[in-house]
Amino acid sequence: GKSENPAAGYTKMHHPTTTPPLPPPVTVLYLLKDPSQTKTTDPYYLESKKHGYKAKFVSVLRFEYCAEEELREELLAQGPLRYSGIVITSQRVLTAITRAIDNLSCLQAKWATPHPAETTKTTATMFYVVGEETAAQTAKTFGLSEEASKHRVHVASTARALAEIIITREQPALSLPLLFLCGNIRRDELPLALQAAQIPFTELCVCAHGTAATNTTPFL
């Protein structure tokens with residue numbers, strides 16, 4: 001007899017391939033700045049991430065560090081016996097210090113513990129800083145303990161507010177000058193306030209803002 005094909009008359013069903021759903025689009029937020037210390041701790045990065053944005057940092061200025069020999073001289077050769085305090089208004093200054101001084105233990109040996117000769121001074125050398133994050137980094141760079149930081153690191157949110165703190169603390173003594181470490185485009189508020197209060201200080205420019213590091217036109 002005639003054999004029958006069991007597949008005869010059978011129509012194969014074609015099921016559409018299921019495509020996995022595409023992830024939702026992510027908006028990229030370009031931050032025209034350098035990250036503070038590390039990217040993952042930068043407040044702008046964290047805030048962007050919290051609201052669902054992908055943050056990318058774009059450097060808009062090129063920084064150059066200068067006066068490294070003079071900086072080493074002031075911090076290591078002269079040290080705390082010459083100054084009543086150090087004024088630090090940006091983390092770039094701390095970067096300049098770590099670039100100029102290879103062995104931070106030498107720096108910390110001079111500044112972390114008051115020198116015996118400092119007993120002739122009314123107080124140990126103070127640190128006047130703008131910004132909490134810069135204050136924490138200052139304590140780390142100079143090797144200050146948590147307890148020492150409470151008494152020797154004075155922090156304000158702005159240069160104007162810091163000037164008021166300095167004047168309140170330094171004006172009665174007027175003994176030794178301050179060492180004001182800054183960049184080449186620093187604002188005039190703080191030094192003018194110190195001059196008006198007749199508080200002596202030595203200013204040293206340790207970092208310079210150069211030309212644009214990146215062409216920002218595509219991001220505007």
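Trainee: Okay, in which loop is the place of L32?
Mentor: This is a predicted model, and in it L32 sits in the loop between β1 (28–31) and α1 (43–50).

Trainee: And is L32 buried, partly exposed or exposed?
Mentor: L32 counts as partly exposed, because its relative accessibility is 38%, which falls between the 20% limit for buried and the 50% limit for exposed.

Trainee: Let me zoom out, then. How many helices and strands are there in the chain?
Mentor: The chain has eight helices and eight strands, and of its 220 residues, 32% count as buried.

Trainee: What order do the strands take in the open sheet?
Mentor: Six strands make up that sheet, in the order β3-β8-β7-β4-β5-β6, and their pairing is mixed. The edges are taken by β3 (63–65) and β6 (153–156), each of which has a single partner strand, so one side of each is left without a neighbour in the sheet. From one strand to the next, the twist averages 20 degrees.

Trainee: In what sense do β3 and β8 pair?
Mentor: They pair in the antiparallel sense over three bridges, with β8 covering residues 201–209, and within this pairing Y65 stands opposite C207 in β8.

Trainee: Which strands does helix α5 touch as it packs on the sheet?
Mentor: Helix α5 (residues 132–141) touches β4 (85–88), β5 (126–130) and β6, and its direction makes about 145 degrees with that of β5. Helix α7 (residues 159–170) lies across β4, β5, β6 and β7 (178–183), and runs at about 160 degrees to β5.

Trainee: I clicked on A163. Where is that found?
Mentor: A163 is found in helix α7, and A163 counts as buried because its relative accessibility is 3%, under the 20% limit.

Trainee: Which residues is A163 in contact with, leaving aside its neighbours within four places in sequence?
Mentor: With those neighbours left aside, A163 is in contact with L190 and A193.

Trainee: Last one: what share of the contacts between residues at least 6 apart join residues at least 24 apart?
Mentor: For the chain as a whole, that share is 77%.

Terms used
Residues are numbered from 1 along each chain as its sequence is written. This is a predicted model: local features need pLDDT of at least 70, side-chain atom pairs count only at pLDDT 80 or more; totals for chains, interfaces and linings use all residues. Side-chain values use heavy atoms; hydrogens and water are left out. Helices (H or I, at least four residues) and strands (E, at least two) are DSSP runs, numbered from the N terminus. Buried means under 20% relative accessible area, exposed over 50%, partly exposed in between (1.4 Å probe, protein chains only). Contact means heavy atoms within 4.5 Å. Two strands pair if DSSP finds at least two bridges between them. Axes are lines fitted to C-alpha atoms, for helices over the stretch in contact, and angles run from 0 to 180 degrees between N-to-C directions.
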